[in-house]
Amino acid sequence: MWGFIWVIIGSILYGISYVSSEVIWCVGPLPDIYSYLDGLTGDIVSAMLVASIQAITYAIVIFFVVTVVLGRTKDYVRTFRNWRISKWFFLGMLFGGPMAVFGSTMAVGFIGGAFSSAFALLEAIVAVALSHYAYKEKVSKKTIWAVLLLIFGGMLVTDPYTLYENIVNPGSSNVWLGYLGGLMAAVGWGVETTFDGRALEISEPGVGTAVRYTQEIFIWAIIFLPLTALIIGWDNFAPLFCDFYSNGDIWFWAFSIGMTFGVGDAMFYKGIPIMGAGRALSMSSLYAPISFIFLYLFLGSEISIWLVIGMIICVVGTFIMFWEREDIQDSIKNWED
Amino acid sequence: MKAYLILLYKDQELWNYEAVDMMLDHYNVSKDSLDRWLGRFWLMEASVNGLLEIVEEKYDDGSYFKEDSVVTKYRVTKHGLDDINYMLG
C-alpha cells in the first residue's frame, strides 16, 4: 500500500517536472539565444547549458533529500572513492547524462515537453534488448509483444505525418534536432537503466544516485563545457555562459526541476523495495499522461491526438511487460546459462 | 557497505547474522543500528537476484534478529560468483 503511494507521488512529480523544463526555455538569455550565437550552434549550446544546470540541481537535491536524510553521507564518500563500484555508475551516467538528459532537453526545447516525455517511454525497448543480449536475461513472449506495442506507440507519438512534413520540407527551424534528442533520450536512459540495474545489485540506490549525479557535474564542468568553449571560441561562449549561470530565473526553474524530478526519483526508489521493481516501473510510466495534464493546465500546450493515442499504447505496453513478468516469475530474475 | 557484505560470501558460506555483524564491525557501526536490518534485507535481495542461494534455515529464538522468524545461511551461486568477479574485480 505504501509502495503504491510512493510510486504514484513519484510519477506525479516526474510529470510536473516537464512543466518547469519547458518554462526554463522562456526565461533568462534563452529566448534571445540567437543574439549570442547563430543558428544551430546556438541551439546546441543552449541545450548543453540547460542539461548541465539540471545535473547540478539534481545532484544537490538528491544529495540532501536522500543521502543526508538517510544518514548515509559516509557511504557516499566511500562509494565515490571506490572506483570498482562507481565505475558502473560512471558508465550509466555517460549514457544517462550527456546523452539522455541532453537529448531530452533538446526534445523539450525544439519540439515540446509532451513529445519529449512520451518519446522517452521507448527506453523500455532498449533496456529489454540490452539486458537480453548483453546480460542474457530471459525475455518472455509477453515482453516481446509489449515491445512491439511500444514500437507502434512510439511511431504514433512522433506523429508520422508531421515527421514526414518536417523531413521533406525542413524549413528554417532545427526541428530534427528535437527528434534526434528524443532518440538519444530513449537509447541513453535505456542503457543507463540496464547498467544501474546491475550496479544496484551490489550497492545502495540512495547513495548510488547521488554519486551518479555528482559525476555528471564533473563531466559537464571538466569535459563538455570547456570543449564547447574551445570549439566555438571562448569569446563567443563566455557572455552566454555568464548570463546563463548568473540569471536568477534560470536557477529558480532549474531548482524546481530538481525538486520535482529529484524528489520523484527518491520516492520511486522508496517504493521499489516494497512493491517490486517491475510493478514500480510500470506504475511510474504513468508519468507521461500526468505530464500531459500538467503541461495543459499550466502552459495550455496543445497536444495532438496522435501523441495521446501513441502514449496510451506505450503505457499499456509497459504495463504488460512488467506486470506479467512479476506474476509469472515471482519477481525472481531468470538467467540463461 | 552493500558491496563489502556481498564480497564476504565470495569464498565462504555464512549465516546472515554472522555476515551482517562482520559488516557492522568492519565499518564500526553500532549493533543497534538500523543498518543491521538493512544488511539482512540486502542479503534477501541478493538471494532473490540469484546472487546467493539458501543453504540452511533455522528458527530464530530472539537472539539473532527477532523472535519467531528464520535466520538463513547463504552460499554464493555460480552466477553470483561470475557477477561478483565481473562487477567488482
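How are α2(B) and α3(B) oriented to each other?

**Entry 1: the helix pair.** I am working with a predicted model. I looked up helix α2 (residues 16-26) of chain B and helix α3 (residues 35-49) of chain B; their axes cross at roughly 130 degrees. An angle over 145 would count as roughly antiparallel and 65 to 115 as roughly perpendicular, so α2(B) and α3(B) are oblique to each other. I noted that the two axes come within 9 Å. The crossing of α2(B) and α3(B) is right-handed.

**Entry 2: the contact.** I listed which residues touch. From α2(B) come N16(B), Y17(B), A19(B), V20(B), D21(B), M23(B) and L24(B). They meet D35(B), R36(B), G39(B), R40(B), W42(B) and L43(B) in α3(B). Sorted by class, this contact has seven nonpolar, two polar and four charged residues.

**Entry 3: the buried side of α2(B).** I checked burial next. N16(B), Y17(B), A19(B), V20(B), D21(B), M23(B) and L24(B) are buried in α2(B). In an α-helix, residues three or four places apart point the same way, because there are 3.6 residues a turn. The buried residues of α2(B) pack against α3 of chain B, and also against α1 (2-7), β1 (14-15), β2 (52-60) and β3 (69-76). Just after α2(B), I found N28(B) with a positive phi of about 55 degrees.

**Entry 4: chain A.** I then turned to the other chain. Chain A has 16 helices and zero strands. Of its 337 residues, 55% are buried. For contacts in chain A with a separation of 6 or more, 88% join residues 24 or more positions apart. Chain A exposes about 14900 Å², and carbon and sulfur atoms supply 70% of that area.

Terms used: Residues numbered from 1 in each chain as written. Chains lettered and ligands numbered in written order. Predicted model: local features only at pLDDT ≥ 70, side-chain atom pairs only at ≥ 80, totals over all residues. Heavy atoms only, no water. Axes fitted to C-alpha atoms, helices over the stretch in contact; angles between N-to-C directions. Helix = DSSP H or I, 4+ residues; strand = E, 2+ residues; numbered from the N terminus. Parallel < 35°, antiparallel > 145°, perpendicular 65-115°, else oblique. Left-handed = near helix turned anticlockwise from the far one by under 90°. Contact = heavy atoms within 4.5 Å. Nonpolar A, V, L, I, M, F, W, Y, C, P; charged D, E, K, R; others polar. Buried < 20%, exposed > 50% of the residue type's maximum accessible area, 1.4 Å probe, protein only. Areas by Shrake-Rupley, 256 points an atom, 1.4 Å probe, with all protein chains shown as cover.
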